[in-house]
Amino acid sequence: MKRIIAMDAIRGFALLGLLSMNLVHMANFELGYVAASPAHHLDPFFAMVNSIFFDGRFRSLFAMLFGAALCVQVANASSSEQAKIRLKWLLLFGMVHGVLIWPGDILFNYALSGFVALKFIDAQRAKLIRYTAGFIVLPALLLSLLLLVDPEASINRSSPEYLELVQRVPNTYWQLVVNNGLYFIIVSLLIPVITLWYTAGLMLLGMLLFKDGLFELNTREPTEKINLYAVLAIVLSFVGFVVERKVGIAFFEGIDWLLAIPVALFYIVVIKSVMRASRYKLYTMQVVGRLALTLYISQSIIFVSYFHFIQPEAISKWDRVDYFAAFVVATILQLVIANLYFKVFKQGPLEKLLKWLTLRRGGHD
């Protein structure tokens with residue numbers, strides 16, 4: 001099966017977008033973004049934009065693409081065995097990434113969820129729809145319920161909790177690895193509770209969309225329906241954002257997981273529309289998608305190094321506008337680097353390694 005160029009471009013878009021939310025957790029994994037006191041005057045605006053258009057939207061899109069990619073891998077190999085081998089290696093990649101670089105890794109979770117999704121690779125459509133809905137809706141509602149029962153405390157950079165955490169920021173690589181290891185263990189133990197099933201549900205949705213041809217450039221998507229759902233999701237996200245800020249309780253996140261899906265689907269519509277209108281079919285974005293694994297790990301290496309060893313004071317000084325500026329600069333650099341890279345090479349280094357390990361382990365060399 002030849003490359004599906006729309007999937008490459010959409011994956012590239014999702015990969016670039018992931019950094020927008022990962023950045024604050026690369027600086028402060030435990031708490032994420034903590035506002036100054038008083039907060040920067042642009043903080044509310046960027047918080048709203050993140051909540052409506054970024055947070056969870058690109059993660060959902062990436063998970064759907066992962067499910068679609070499983071369909072491609074199984075079709076290419078005529079069985080699921082090679083896909084299972086690839087997932088096992090991704091588990092290892094995730095563990096290494098999570099402990100040695102950044103515990104916010106998604107590869108480990110995606111690999112575990114991928115094993116669940118693979119069990120439905122040949123399922124009938126009705127069964128696939130049923131499990132997709134259950135896996136997505138139930139964890140999202142459970143998360144909102146947990147946040148309502150046990151709300152997160154509101155803190156700022158003057159809060160004792162924050163000041164204590166800043167004092168514990170690792171200043172040597174060994175300390176960073178120890179911290180990462182502890183966080184990674186905690187996160188890994190929590191994965192089966194909620195995120196495993198939610199992510200698997202998104203992958204099943206990706207399988208459904210792939211079978212419907214939504215990731216094919218020449219297949220027309222139900223644009224009006226997707227646009228309507230996206231507008232409703234954006235309005236509800238805005239309402240939820242305002243209500244949360246008024247009451248001071250972050251109970252809306254689980255519901256927002258559901259609202260992220262229509263917006264992610266809208267992004268697919270936009271990318272495909274631009275590709276159809278573009279002479280080069282968004283080639284720049286395609287090559288980013290083909291380098292997704294390499295760029296994802298590179299993002300962590302660069303920004304974790306920056307925040308912990310090069311400019312650690314940025315953790316306590318950067319406001320949302322600074323993170324957004326870094327995201328824009330990083331996006332431009334990744335687009336440029338990916339295009340220059342593919343003028344010389346045909347495959348990313350980590351993509352090549354993963355393929356070699358998969359085929360070698362599968363006895364296909």
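**Note on a pocket and a helix pair**

1. H3 supplies the largest share of the lining of the second largest pocket, with 9 residues. Please keep in mind that this is a predicted model.

2. The second largest pocket has a volume of about 1100 Å³. Its lining counts 36 residues. The closest to the pocket centre are Arg-3, Arg-11, Ala-69, Gln-73 and Arg-86.

3. Which elements give two or more residues to this lining? They are helix H1 (5-27), helix H3 (57-77), helix H4 (81-100), helix H5 (107-118), helix H12 (283-290), helix H13 (292-310) and helix H16 (349-361).

4. Now the helix pair. Helix H2 (residues 43-54) packs with helix H10 (residues 223-247) at an angle of about 135°. The two axes lie 9 Å apart.

5. The crossing of H2 past H10 is right-handed.

6. Which residues meet in this contact? From H2 come Pro-44, Ala-47, Met-48, Ser-51, Ile-52 and Phe-53. On the H10 side they meet Ile-234, Ser-237, Phe-238, Phe-241 and Arg-245.

7. By class, the contact between H2 and H10 has 8 nonpolar, 2 polar and 1 charged residues. Ser-51 in H2 and Ser-237 in H10 are among the residues that meet, and serine counts as polar. Arg-245 in H10 also takes part, and arginine counts as charged.

Definitions and conventions:
Residues numbered from 1 in each chain as written. Predicted model: local features only at pLDDT ≥ 70, side-chain atom pairs only at ≥ 80, totals over all residues. Heavy atoms only, no water. 1 Å grid on protein atoms, 1.4 Å probe; cavity = no way out; pocket = protein on both sides within 12 Å on 5 of 7 lines; lining within 4 Å. Points joined across faces, edges and corners; volume = space filled by probe spheres on them. Helix = DSSP H or I, 4+ residues; strand = E, 2+ residues; numbered from the N terminus. Axes fitted to C-alpha atoms, helices over the stretch in contact; angles between N-to-C directions. Left-handed = near helix turned anticlockwise from the far one by under 90°. Contact = heavy atoms within 4.5 Å.
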